[in-house]
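Please read them with the coordinates open.

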Amino acid sequence: MHAASRSGGAPTAEFTHLLAANENPYDPLPGVLDAAIAAARRFNRYPDIGCARLIAALAHRFDLPPTRFAAGAGSVGVIQSLIQAMAAPGDEVMYAWRSFEAYPVITKAICGATPVAVPLTDEGYHDLDAMAERVTARTRLIFLCTPNNPTGRTVGRDELAEFLARVPEDVLVVLDEAYAEFVSDKDAADGITVCREYPNVAVVRTFSKAFGLAGLRIGFAIAPEAVAAALRTMATYGVSQIGQEAAIASLAATDDVMKRVDLVIAERHRMEDALIEQGWPVSCSQANFLWLPLRERSAEFAGVCARAGIGVRVLAEDGVRVTVGARESNDLFLAAAANFRLEHDQ
């Protein structure tokens with residue numbers, strides 16, 4: 001969605017504190033920036049069309065064959081390629097709702113397939129029983145966003161196993177794990193483990209969130225070999241060489257990346273505790289954002305944040321999603337939230 005709509009219609013340029021797009025608040029790591037700058041000196045040349053070095057690095061990182069990987073322009077680019085490869089008009093693509101907004105848009109507007117949206121539970125979790133019951137002979141893809149965007153809830157390891165046992169093997173189940181690095185729940189499903197065990201499971205991940213490369217647009221899939229091969233033919237020159245080199249350098253710096261992730265998780269807990277103390281109905285998140293199911297008060301709340309220079313994300317009349325940002329931005333948001341309660345709940 002256009003940046004201007006991220007906080008109830010106010011342009012992003014007006015905000016000093018950007019807590020709308022789930023971006024990493026930290027500057028690029030020095031070695032990653034150096035790799036990107038070095039690659040930029042050669043941008044008169046086309047990038048590696050097959051992302052061979054990046055895929056080799058990913059294969060080494062996850063100890064899986066390179067033939068199971070495909071890269072694309074962010075996870076959303078990979079998701080689009082998956083739907084285009086697997087679904088035709090008349091086919092069904094299933095997902096929970098509310099979840100990642102790209103699913104229905106790509107399914108219907110771009111690919112002409114039929115979106116099947118299954119409501120989340122009242123607590124913001126995937127209702128896997130309801131999803132299993134909605135599978136038909138026309139179902140081609142099922143997306144499970146875990147942690148779910150925007151509610152931050154994860155799919156549990158055991159419940160996922162039960163769900164997969166009910167899904168036909170000719171249906172591809174895609175674990176969309178854009179926020180996987182931020183998960184601290186030990187009972188949450190891990191897509192890398194699951195895709196080793198099930199022949200009809202793919203995983204989508206991104207370098208945009210934990211690795212802080214949102215502006216370079218790099219995502220990847222780990223999929224069954226036939227699916228990965230199809231994806232590699234669909235994203236011609238989809239990832240710039242600057243992006244590829246930055247991603248390779250980021251993988252080499254994973255320890256430093258995860259230190260930053262730990263800081264974000266600590267801030268997430270601090271913000272959750274403060275909001276709960278203020279009396280907000282905040283769901284405990286496993287991502288780098290928080291979800292406030294404010295319903296009809298969402299736009300009003302976002303307006304108060306906007307006047308404080310804070311951009312947050314309003315999702316219709318469902319709620320407000322708030323990125324865990326730099327501590328200064330988080331403190332200003334918490335102050336705005338406290339002021340809203342004082343002014344409106346008396």
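**Notes on the fold**

1. Met94 stands opposite Ile142 in β5. Two further pairs belong with this one: Val93 stands opposite Leu141 in β5, and Glu92 faces Thr114 in β4. Strands here are DSSP E runs of at least two residues, helices are H or I runs of at least four, and both are numbered from the N terminus. Two strands count as paired if DSSP finds at least two bridges between them.

2. A word on the basis. This is a predicted model, numbered from 1 along each chain as its sequence is written. Local features need pLDDT of at least 70, side-chain atom pairs count only at pLDDT 80 or more, totals for chains, interfaces and linings use all residues, and side-chain values use heavy atoms, with hydrogens and water left out.

3. Strand β3 covers residues 92-97, and five of its six residues are buried. Buried means under 20% relative accessible area, exposed over 50%, and partly exposed in between, with a 1.4 Å probe and protein chains only. β3 has parallel partners in β4 (residues 114-119), over six bridges, and in β5 (residues 139-145), over four bridges.

4. How does the chain get from β3 to β4? It passes through helix α4 (residues 102-110), and the β-α-β crossover is right-handed. That term means a clockwise path from the first strand over the helix to the second, with the strands pointing away from the viewer.

5. Now the whole sheet. It is open, has seven strands and mixed pairing, and its order is β2-β8-β7-β6-β5-β3-β4. The edges are β2 (69-72) and β4, each of which pairs on one side only. From one strand to the next, the twist averages 20 degrees. Axes are lines fitted to C-alpha atoms, for helices over the stretch in contact; angles run from 0 to 180 degrees between N-to-C directions.

6. Helix α8 (residues 225-232) lies across β2, β6 (172-176) and β8 (219-222). The angle between α8 and β2 is about 30 degrees.

7. Next, a helix pair. α2 (residues 52-62) and α9 (residues 241-252) pack at about 20 degrees, with their axes 9 Å apart. They are therefore roughly parallel to each other; the cut-offs are under 35 degrees for roughly parallel, over 145 for roughly antiparallel, 65 to 115 for roughly perpendicular, and oblique for the rest. The crossing of α2 and α9 is left-handed, that is, the near helix is turned anticlockwise from the far one by less than a right angle. Arg53, Leu54, Ala57, Leu58 and Arg61 in α2 meet Gln244, Glu245, Ala247, Ile248 and Leu251 in α9. Contact means heavy atoms within 4.5 Å.

8. Most residues other than glycine have a negative phi, and most peptide bonds are trans. The bond from Trp97 to Arg98 is cis, with omega near 10 degrees. Arg98 sits in the loop between β3 and α4. A cis bond also joins Thr146 and Pro147, with omega about 0 degrees. Pro147 belongs to the loop between β5 and α6 (157-166).

9. Which phi values are positive? Cys51 has phi near 50 degrees, and Arg217 has about 60 degrees. Cys51 lies in the loop between α1 (30-40) and α2. At 5% relative accessibility, Cys51 counts as buried. Arg217 is in the loop between β7 (201-206) and β8. At 32%, Arg217 counts as partly exposed.
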